[in-house]
Structure formats: C-alpha cells, structure tokens
Amino acid sequence: MAANGDGQAGWTFLTNHARVLLAVARDPEARLRDVAARCGVTERTVQGIVADLEEGGYLVRGRAADGRRNRYRVNPEAPFRHPAEAGHEIAGLLELLAREPAASRRSATS
C-alpha cells in the first residue's frame with residue numbers, strides 16, 4: 001500500500017463517491033472539473049460517480065439559473081448502501097461533513 005505525503009498508509013475513511021457527494025453538497029453549481037480537482041480524481045471519474053449517484057437516487061441534476069450549467073440537488077433522505085449502515089440516511093454524513101472545515105473558512109476570511 002502506498003504512503004501519502006505524511007508517511008501514513010495510503011487509505012482513507014471516505015470513498016471517492018462520498019467525496020464527490022460532499023463536494024456537490026457544498027457547491028451544487030460546481031463544474032465537474034472543479035469537483036475533480038477538489039477530490040483529487042479525474043473529471044472522467046467524477047462523471048462516472050455523478051452518474052452512479054444519480055442512478056442511485058442520491059443526486060438530481062437540473063439546470064442552474066443561468067441556463068448554461070448543471071445544478072445538483074442532493075437527496076439527504078437516501079439511505080447508505082452497505083448493510084452495516086442499514087437504516088441510516090446520508091443526512092447525518094452531510095450534516096457532519098458538507099460544511100467547509102473551520103480552518104478553510106478562517107483562511108478564506110483572513
């Protein structure tokens with residue numbers, strides 16, 4: 001298993017699907033290339049993940065007010081897919097992690 005920049009094993013707690021969902025929840029009008037950059041994956045990977053999330057009922061795609069961009073709506077009532085989390089909705093994950101971290105908010109206002 002590869003090490004990340006701080007020497008720890010290269011695994012994380014969240015999947016790319018969770019990261020994309022959270023990025024879209026933070027900015028529903030974000031371009032997929034921006035979501036890809038934020039999540040550290042390719043735009044093509046994000047396109048596939050967004051398609052999965054739409055098919056699974058986690059996201060609904062519409063048009064932004066400018067009529068040129070997509071706008072996504074996250075369905076917080078959608079359940080987790082794994083049996084170990086059965087009975088839990090993604091609302092809890094969104095509540096916990098969809099806001100920008102406090103450190104990011106502080107540096108943006110400084």
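1. Is V46 buried or exposed, and what is its relative accessible area? V46 is buried, with a relative accessible area of 0%, where buried means under 20% relative accessible area, exposed means over 50%, and partly exposed lies in between, as found with a 1.4 Å probe and protein chains only. V46 lies in helix α3, and, leaving aside residues up to four places away in sequence, V46 touches V20, L32, V35, A36 and V41, a contact being heavy atoms within 4.5 Å. The C-alpha atoms of V46 and L32 are separated by 6.6 Å, although the two residues are 14 residues apart along the chain.

2. A word on the basis of this note. The model is a predicted one, in which local features need pLDDT of at least 70 and side-chain atom pairs count only at pLDDT 80 or more, whereas totals for chains, interfaces and linings use all residues. Residues are numbered from 1 along each chain as its sequence is written, and side-chain values use heavy atoms, with hydrogens and water left out.

3. On the overall plan, the protein contains five helices and two strands, which follow the pattern α-α-α-β-β-α-α when read along the sequence; helices (H or I, at least four residues) and strands (E, at least two) are DSSP runs, numbered from the N terminus. Of the 110 residues of the protein, 24% count as buried. Among the contacts in the protein with a separation of 6 or more, 36% are between residues 24 or more positions apart. The accessible surface comes to about 7,700 Å², and 50% of this belongs to carbon and sulfur atoms, the areas being from the Shrake-Rupley method with a 1.4 Å probe, where for residues only the protein chains shown count as cover.

4. As a general background, nonpolar side chains in soluble globular proteins tend to be buried together.

5. Helix α1 can be followed residue by residue. Its buried residues are A18, V20, L21, L22, A23 and V24, and they pack against α2, α3, β1, β2 and α4. L21 touches L53, Y58, L59, V74, I90 and L94, not counting residues up to four places away in sequence.

6. Helix α2 (residues 32-39) has L32, V35, A36 and C39 as its buried residues. Seen down the axis of α2, these residues fall within an arc of 100°, so they line one face of the helix, the arc being that of the directions from the helix axis to the C-beta atoms. Their cover includes α1 (16-26), α3 (43-55) and β2 (70-74). Just after α2, G40 takes a positive phi of about 75°.

7. Strand β1 (residues 59-63) is joined to β2 by five bridges, and the two run antiparallel; two strands pair if DSSP finds at least two bridges between them. R61 stands opposite Y72 in β2, while the bridge partner of L59 in β2 is V74. The hairpin has six residues between the strands, and G67 takes a positive phi near 75° there.

8. The structure holds one aromatic pair. The rings of W11 and F13 have their centres 5.0 Å apart and their planes at 75°, so the pair is edge-to-face; rings of Phe, Tyr and Trp (its six-membered ring) pair if their centres lie within 6.5 Å, and planes under 30 degrees apart count as stacked, over 60 as edge-to-face and the rest as tilted. W11 counts as partly exposed at 49% relative accessibility, whereas F13, at 77%, counts as exposed.

9. E95 is exposed, with a relative accessible area of 59%, and the C-alpha atoms of E95 and L22 are separated by 10.0 Å, the two being 73 residues apart along the chain.
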